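Subject: A structure for you to explore

Hello! Here is the structure I promised to pass on to you.

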Amino acid sequence: MTLLHQQLLYIAALAATLLSADALNIIGSSGDTTSHKPITNNQSRRNFVHQFGLVAAASSMPTMAANAVDAQFKEVGQQERPPEGESPFSTLPNGVQIKDFRQGSGSTVQNGSRVELTMKGRLLNLNGVIFYDTKSNDPNGFGEGTPLQFTVGDKSVLPGLESGLIGMSRGGIRRIIVPAEVGYGAFPSLEPQPLTDVERRALDSVVKNPRRDQTVMFDCK
């Protein structure tokens, strides 16, 4: 049964309860119809419509909120539409998931390659809150930021991020989902590390809380 069906059944049941309550008001708890002021049909209908409207509005709020979150999550880190016919993600043996949003050209990233990345990192547990952005490192103030540079295999960055970059070409855009086992859950001190206090607090709120899912997502170019 869908959430909408459950809400409709709930509203119908409550409507019946409200109508029964109006009938009880007319009869009275002792069964003496002369000791209570009659309630007219118009009054009863107005009360029901008013209460029914409040219930319907309240019952629709969870659905509206859920839809808003879903819509927001669909846009998390999105830079370009994936190529037509592509499956959502490819899963690597270590659990890392990758999806190319734009194919690059030239040589591909391999173990030992020197790479330079413009990227954002997001926390899936917090609906895509950004915890890393190379544009936050902007010493010149021109909004260009400073790319993350490293050599694949030098063990300076998350192993899940490294494995997700293998096969990527220059100019490409790839989304990489890194589970905790090859990410911050097991390697909290490796790069990339947050560049601002706000980003640091966001990452710490997940990494330092074992009850939260520590899966992260990177959009890399």
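**What I found**

Of the 221 residues of the protein, 32% count as buried, where buried means under 20% relative accessible area, exposed means over 50% and partly exposed lies in between (1.4 Å probe, protein chains only). Please keep in mind that this is a predicted model, in which local features need pLDDT of at least 70 and side-chain atom pairs count only at pLDDT 80 or more, while totals for chains, interfaces and linings use all residues. Residues are numbered from 1 along each chain as its sequence is written, and side-chain values use heavy atoms, with hydrogens and water left out.

**The overall layout**

The protein has four helices and 10 strands. Both kinds of element are DSSP runs numbered from the N terminus: helices are H or I with at least four residues, and strands are E with at least two. From the N terminus on, the order is α-α-β-β-β-β-β-β-β-α-β-β-α-β. Among contacts between residues at least 6 apart in sequence, 68% join residues at least 24 apart; a contact means heavy atoms within 4.5 Å.

**The sheet**

Which strands form the open sheet? There are six, in the order β1-β2-β9-β10-β5-β6, and their pairing is antiparallel. Two strands pair if DSSP finds at least two bridges between them. At the edges are β1 (90–91) and β6 (129–133), each of which pairs on one side only.

**A buried arginine**

Find R174 in strand β9 (residues 173–178). Is R174 buried or exposed? R174 is buried, because its relative accessible area is 5%. Its side chain reaches two backbone oxygens: that of G164 at 2.7 Å and that of I166 at 3.0 Å. These are polar contacts, meaning pairs of N or O atoms within 3.5 Å; within protein, one atom must be able to donate a hydrogen and the other to accept it, and residues adjacent in sequence count only if both atoms are side-chain atoms. Leaving aside neighbours within four places in sequence, the residues in contact with R174 include I98, D100, F218 and C220.

G164 itself is in helix α3 and counts as buried, because its relative accessibility is 0%. Not counting residues up to four places away in sequence, G164 touches L92, V96, I98, R174 and I176. The C-alpha atoms of G164 and Q97 are separated by 7.3 Å, although these residues are 67 apart along the chain.

**Strand β4 and the largest pocket**

β4 (114–117) has a covered face, V115 and L117, and an uncovered one, R114 and E116. In a regular strand the side chains alternate between the two faces of the sheet. Four bridges join β4 to β7, and the two run antiparallel; L117 has L148 of β7 as its bridge partner.

The largest pocket holds about 410 Å³ of space. Of the 16 residues that line it, the closest to its centre are E116, S169, R170, G171 and K221. Which strand gives the most to this lining? It is β4, with four residues. On a 1 Å grid over the protein atoms alone, a pocket is an open set of points where a 1.4 Å probe fits, with protein on both sides within 12 Å along at least five of seven lines; lining residues have an atom within 4 Å of a point. Grid points are joined across faces, edges and corners, and the volume is the space filled by probe spheres set on the points.

Most residues other than glycine have a negative phi, and most peptide bonds are trans. N127, in the loop between β5 and β6, has a positive phi of about 60° although it is not a glycine. K155 also has a positive phi, near 65°, and its place is in the loop between β7 (148–151) and α3 (159–165). Finally, a cis peptide bond with omega about 0° joins E191 and P192, and P192 is in the loop between β9 and α4.

Enjoy exploring!
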